[in-house]
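Please look over both before starting on the solutions.

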Amino acid sequence: MSLQSLLSDGRIRPHGSSVREVADLLRVVERDLADASVIQLSTDRRFATAYNAALLLATIALHASGFRTASTGHHWATFHVLPEILGPDAQACADYLDGCRAKRNASDYDRAGAISEQELVELTEEVRDFHRDILGWLRTHHPALLP
């Protein structure tokens, strides 16, 4: 489904973002990235925390572009529209993060021990790169929203 289709279906709605909103979300991203490295937490929980940082970075891109999710499946929709918002080079990242969504769901709702240490390391590295990319994208496309 395209961004336009999701708008037509009411799964995404128009949204006006602000410097404060972006700053608040970026602080949560930074907190979650720090918390994902707390070795006293389970690998599953650290993965879920890193995943949350990724979801919020994608949410920043969505909000900065004038949209927000509005119904069930909001994680999927947020990742699904990333290539339309950020450009086709974001497709691999969006696909990877959507795969992490499924892993996080299994870990949160179905069984403990679903996440390997390697999966955690890979996601954390991906989120750090995505964080850098989103900040660069904001500087280029929405500098007025940067704190």
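Helix axes are lines fitted to C-alpha atoms over the stretch in contact, and the angle between two of them runs from 0 to 180 degrees between N-to-C directions. The model is a predicted one.

**Exercise 1.** Determine how α3 and α7 are oriented towards each other, and which residues form their contact.

Solution. Begin with the axes: those of α3 and helix α7 (residues 117–141) cross at roughly 20° and come within 9 Å. Angles under 35 degrees count as roughly parallel, and α3 and α7 are therefore roughly parallel to each other. The next step is the hand of the crossing, which is left-handed where α3 passes α7. On the α3 side the contact includes Phe47, Ala50, Tyr51, Ala54 and Leu57, while the α7 side includes Leu120, Leu123, Val127, Phe130 and Trp137. Sorted by class, the residues of this contact comprise 17 nonpolar, three polar and three charged ones.

**Exercise 2.** Work out how α2 is placed against α3, and then against α7.

Solution. Because angles over 145 degrees count as roughly antiparallel, α2 is roughly antiparallel to α3. Among the residues in this contact are Val22, Leu25, Leu26 and Val29 of α2, together with Ala53, Leu56, Leu57 and Ile60 of α3. The contact of α2 with α3 has ten nonpolar, four polar and four charged residues, and the crossing of these two helices is left-handed.

Now turn to α7, against which α2 packs at an angle of about 160° with the axes 11 Å apart. That angle makes α2 roughly antiparallel to α7. In this pair Val22, Leu26, Val29, Glu30 and Leu33 of α2 meet Val127, Arg128, His131, Leu135 and Leu138 of α7, a contact that has seven nonpolar, one polar and two charged residues. The crossing of α2 and α7 is left-handed.

**Exercise 3.** Check whether the length of α3 agrees with its residue count, and describe how far the helix is covered.

Solution. Helix α3 (residues 43–64) has 22 residues, which at 1.5 Å a residue should span 32 Å, and because its end C-alpha atoms are 32 Å apart, the two values agree. As for covering, 19 of the 22 residues of α3 are buried, so that the helix is mostly covered. After α3 comes Gly66, which has a positive phi, near 95°.

Definitions and conventions:
Residues are numbered from 1 along each chain as its sequence is written. This is a predicted model: local features need pLDDT of at least 70, side-chain atom pairs count only at pLDDT 80 or more; totals for chains, interfaces and linings use all residues. Side-chain values use heavy atoms; hydrogens and water are left out. Helices (H or I, at least four residues) and strands (E, at least two) are DSSP runs, numbered from the N terminus. The expected span of a helix is 1.5 Å times one less than its number of residues. Buried means under 20% relative accessible area, exposed over 50%, partly exposed in between (1.4 Å probe, protein chains only). Angles under 35 degrees count as roughly parallel, over 145 as roughly antiparallel, 65 to 115 as roughly perpendicular and the rest as oblique. A crossing is left-handed if the near helix is turned anticlockwise from the far one by less than a right angle, and right-handed if clockwise. Contact means heavy atoms within 4.5 Å. Ala, Val, Leu, Ile, Met, Phe, Trp, Tyr, Cys and Pro count as nonpolar, Asp, Glu, Lys and Arg as charged, and the others, Gly among them, as polar.
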